[in-house]
Amino acid sequence: MRAQTRQVLRSSSRRQGGRRRRAVPAAVAAALGIVTLGALVPAVASASDSAASAKPDGVQQALNTLVRDGGMPAALASVEDRDGRTRTYTAGAGDLTTGSKVPRDGRIRIGSNTKAFTAVVVLQLVGEGKIGLDATVDSYLPGLVRGKGIDGRHITVRQLLQHTSGLPEYGIHLDDDEIKHRYFEPRELLDIALRYKADAAPGKKWGYSNTNYVLAGLIVQKVTGRPLAEEIDRRIIKRIGLRHTSFPTPGDMTIRGPHPHGYHRNPADGPLRDFTELDPSAGWAAGQLISTNSDLNRFFTALLAGRLLPAAQLAEMRTTVPAGTSGLRYGLGLTSRPLSCGGVYWGHGGDIAGYETRGGVTDDGRAANVAVTSIPTDEAAVQHMKDAVDKALCG
């Protein structure tokens, strides 16, 4: 979701045109029995098909740096080359209390990568003639979106998907413990946002807001008459065989299957807390999914290859606007970022308390996703994460 000083809900598009949020005090880590970061992080990390090599390759070195210098409890990566060969990597500890190994290609909360899934469902419905990209929100949810400078009669579906609606963010008004323990209905999230004035007039500027995707999810449910989770499962997860991807059911705070523990630090210089179990409903259409790096590679590869959308809708998704000052561009639930070796990669990225994921695919068929088990809280760690993805895609 959104990357800010308040870090529970954020997206890996952070610090590239986004506002900083207020910090919220976190509970004392000792109450949860959390040890300090360095105590149980293994000195040696591993790559699945290079265990016999005395010298780690570039991706492995990048993950080692994330743990050693970036302060991450663990890092995981899955890299697929143009010929479909896949390599998986791990570094650090899967559980700081026990010092257990990081599960290879373990399941993680993928945060705002969920937006790409939601956008695909919306665009599939556009292709089926059930939603109009330039139709207003009021066409599907009449009278629902009203507030200070906010009127659903003047906000389009396209603007929701591209974050140009001007709608305010709801996540900055929730604290750690609310998000960890409380179940939110989507309408509650929208109601929180609508207490505040618009950030801008519709269509005037790009501004990241999870509220946009809550509304997109509500439109999907109104048009299809089915829960968003079922539509994502039917239209994407089952269609392309994402065996380790799921939309947690209401009240499910666990990550099922092998997974590293996720840790959260708020304020940025505070102690780590174990946030592996949390109620992800505050993310919903904007950030609720669980997946793996390899499933994310499969998803973005299938998407860019035209296996999920008709050509016209994929072209709309890839039509981008500037989103900050470092080369990030935002389409309809899809971002492009420049690579040091030339060209760009397409993906999204996402954060939710305990986990961050970054990565995507190139037009020539390379794919990589990197995950860490705590949201980076300083610019050096953020740069280490960017470097890891660049190394994975550029070789």
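Start by selecting C341 and C394: they form a disulfide, with their sulfur atoms 2.1 Å apart. A disulfide here is a pair of cysteine sulfur atoms within 2.5 Å. The structure holds one.

The model is predicted: local features need pLDDT of at least 70, side-chain atom pairs count only at pLDDT 80 or more, and totals for chains, interfaces and linings use all residues. Residues are numbered from 1 along each chain as its sequence is written, and side-chain values use heavy atoms, leaving out hydrogens and water.

Stay on the S-S bond. The torsion about the bond of C341 and C394 is about -75 degrees, so the disulfide is left-handed.

C341 lies in the loop between β13 (335-338) and β14 (344-347), and C394 lies in helix α11 (residues 379-394), so the pair ties together parts 53 residues apart in sequence. Helices (H or I, at least four residues) and strands (E, at least two) are DSSP runs, numbered from the N terminus.

How exposed is C341? C341 has 41% relative accessibility and counts as partly exposed. C394, at 24%, also counts as partly exposed. Buried means under 20% relative accessible area, exposed over 50%, and partly exposed in between (1.4 Å probe, protein chains only).

Finally, select the whole protein chain. Color it by secondary structure: there are 11 helices and 17 strands. Of its 395 residues, 59% count as buried. Look at contacts (heavy atoms within 4.5 Å). Among those with a separation of 6 or more, 70% come from residues 24 or more positions apart.
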